[in-house]
There are 2 protein chains.
Amino acid sequence: MPVHASLTVNLDDRSYPIIIGSELLGGGHDLATFIRGPDCLIVSNVRVAPLYLDRLRANLGAKSVGSIELPDGEAHKSIATMQSILDRLAETGAGRDTTIIALGGGVVGDIAGFAAACYMRGIDFVQVPTTLLAQVDSSVGGKTGVNHPRGKNLVGAFHQPKAVLIDTDTLATLPDRELKAGLAEVIKHGAICDIEFFAWLEENMQALLQKEPAALAQAIQRSCEIKAAVVADDEREAGRRAILNFGHTFGHAIERCEGYGEWLHGEAVAAGMIMAARLSGIAEADVQRLRALIEQAGLPTSPPAISADAWMEAMGMDKKVKQGKLRFVLLRELGDAHIDTSYESQRLQQIVGARS
Amino acid sequence: MPVHASLTVNLDDRSYPIIIGSELLGGGHDLATFIRGPDCLIVSNVRVAPLYLDRLRANLGAKSVGSIELPDGEAHKSIATMQSILDRLAETGAGRDTTIIALGGGVVGDIAGFAAACYMRGIDFVQVPTTLLAQVDSSVGGKTGVNHPRGKNLVGAFHQPKAVLIDTDTLATLPDRELKAGLAEVIKHGAICDIEFFAWLEENMQALLQKEPAALAQAIQRSCEIKAAVVADDEREAGRRAILNFGHTFGHAIERCEGYGEWLHGEAVAAGMIMAARLSGIAEADVQRLRALIEQAGLPTSPPAISADAWMEAMGMDKKVKQGKLRFVLLRELGDAHIDTSYESQRLQQIVGARS
């Protein structure tokens, strides 16, 4: 049985399934059922396409299938790259019933999803994430977009996919460093709202690092369940959805100061989560427990050397200080996150100053 | 009393007011009430800004107000122009609570609205339309976007404004040709669903052409009422909203074949409406009645010389013929439009061939 689990993201008429399993690309799930019209465009990149494009194509039956290969990497997550997808759609006369299929990691999914959001004011798209990070996080929830020289994901749209198809077999070719980066978001899900899942991860981290299929499928399923529930509750991040950004204020600052791509997103978030846990003022034993799991996952536990001023600027402190404090995702305790501005400013200074 | 009428576009939590009157920009309505945060960016163009920017600014009280002037004209309705707004927002560190105010005609409103839709995945925007076309049509309903070399409005988003403020005084500076172009959409509203309004227009066309304030306010109000009702019923144009495109399949083809800007949008729609009425197969007397009103408004009643092949290609016939016929907005009778594919193909050939 290739399908391990099938979940639903409940968003009224924008609800959609997440299907998790193995051998899905090769026909374990009939992808064509999610393609409304006769035409689709597979958006992938130069690294992933040679590995999985043919397998995906073969699974699309009688559909008319085009494909476009984007350059690889965060540096290409730009309006210009998004425009290359729009150009292709326009040049081939794609209509409103065309479906975009995003085959790749988070960058591909975000760009392709944003193109789908904008072409003719919104066409269907399906996510086929091939990295752990995309499978447990970015492919679910409808956040699409590209970077701006002045900030990550500064330009984008909320546009929910019609389906998310997660074939865990694709992780076989994923470099270890990227697997680990994905585990950061998995750990995050446990840390913000499921201490039992967190404990399961403590028990199963070695199995995950060794890519044991059952463990991976379980970790992906639980992550998607948590993310789907949070998104269903607050699609456009008016409130509670922001807890998914645990560790991200610090993490984005690291990415920004080091140049995107130097630190992988998950690596920056890993170090950022420990900083955010410290800022939360929870028991030191819980901070250490989080630190230990992150270390077990082979992820960085300390940020790079960044001056206190650079931290503050990168976190937008210069601007937002007008209205008071930064909004952080903090922990009441491990497994219970909330959005708060009531941290101790002095503690923040200590945390960003510790390595400056 | 400067406020002539205040309507609501009913869209649940995206509902918003349309306020119509005179002296509104100068303080007749406190615009600041629609600006959630402390900051706003007025997006205008080089033609409108010198006329109304200062007046608008003065009406924004304690808000921190930036402004950007786009180049004028349909040729600049591009992703590049939209990006210049995003760049400004990013460079000034604009946050999620920044509001964009679109001050200008349809091009300004469409670009500014699309920038608002994309910046940080959606910030507030307010429409302050200064052309009749924008006041009776494009500022209401949340369609935003830009052109692509391959097609008009091919890239965009549905993003509803927080308010539409229509100051009829701005029409004083509107060139006659643009006033008439706006009247095409006013006539359209009568033709598709309100024969009484159509009759009122037959009585009052001279007053409108002479810019009599009461007549203009009345025509704008009724147009906005009709558009608001249609949009509330079908926000994302899944069905009935498409009746607002009456005359537009032919009209867009004219714009496309002649080069955008040669024929104003309203002029192309005017000629297109007569063609669509003919295609509908309604009584010849009703076609002539529509033709007479369009002529009275000083609008073109015949399309330019375009070959039958060019018509078909510009209307997308080459592509869509696969799935059968084009979807046209047709009239059951004057004042009652519906979406239909059951026109006579031979009649379409005659209509586009008549001038080839």
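**Entry 1: the model**
I noted at the start that this is a predicted model.

**Entry 2: the sheet**
I looked up the strand order. An open sheet of 7 strands runs β1-β2-β9-β6-β5-β3-β4 in chain A. I put its pairing down as mixed. Next I checked the edges. β1 (3-9) and β4 (64-70) of chain A stand there. Each has a single partner strand, so one side of each is left without a neighbour in the sheet. I also looked up the twist, which averages 15 degrees from one strand to the next.

**Entry 3: one strand pair**
I then took the pair at the β4 end. In which sense do β3 and β4 of chain A pair? I found the parallel sense, over 7 bridges. Strand β3 of chain A covers residues 39-45.

I followed helix α8 of chain A, residues 213-233. Helix α8 lies across β1, β2 (16-21) and β9 (163-167) of chain A. I read its angle to β1(A) as about 10 degrees.

**Entry 4: two helices together**
I looked next at helix α6 of chain A, residues 176-193, which packs with α8(A). Their axes are 9 Å apart, at an angle of about 50 degrees. I recorded their crossing as left-handed.

Which residues meet here? From α6(A) I listed A:V186, A:H189 and A:C193. From α8(A) I listed A:A219, A:S223, A:I226 and A:K227. I sorted the residues of this contact into 4 nonpolar, 2 polar and 1 charged.

**Entry 5: the two domains**
I looked up how chain A is divided. Domain 1 spans 3-172 and domain 2 spans 177-353. Their centres, taken over C-alpha atoms, are 25 Å apart. The contact takes 28 residues from domain 1 of chain A and 28 residues from domain 2 of chain A.

I then kept to the domain 1 side that touches domain 2. The elements giving two or more residues to this side are β1, β2, α5 (132-138) and β8 (151-158) of chain A. Which element gives the most? I found α5(A), with 5 residues. By class, I noted 15 nonpolar, 10 polar and 3 charged residues on this side of domain 1.

Definitions and conventions
Residues are numbered from 1 along each chain as its sequence is written. Chains are lettered from A and ligands numbered from 1 in the order in which they are written. This is a predicted model: local features need pLDDT of at least 70, side-chain atom pairs count only at pLDDT 80 or more; totals for chains, interfaces and linings use all residues. Two strands pair if DSSP finds at least two bridges between them. Helices (H or I, at least four residues) and strands (E, at least two) are DSSP runs, numbered from the N terminus. Axes are lines fitted to C-alpha atoms, for helices over the stretch in contact, and angles run from 0 to 180 degrees between N-to-C directions. Two residues are in contact if their C-beta atoms, placed from the backbone, lie within 7 Å. A crossing is left-handed if the near helix is turned anticlockwise from the far one by less than a right angle, and right-handed if clockwise. Ala, Val, Leu, Ile, Met, Phe, Trp, Tyr, Cys and Pro count as nonpolar, Asp, Glu, Lys and Arg as charged, and the others, Gly among them, as polar. Domain bounds come from an automatic or database domain assignment.
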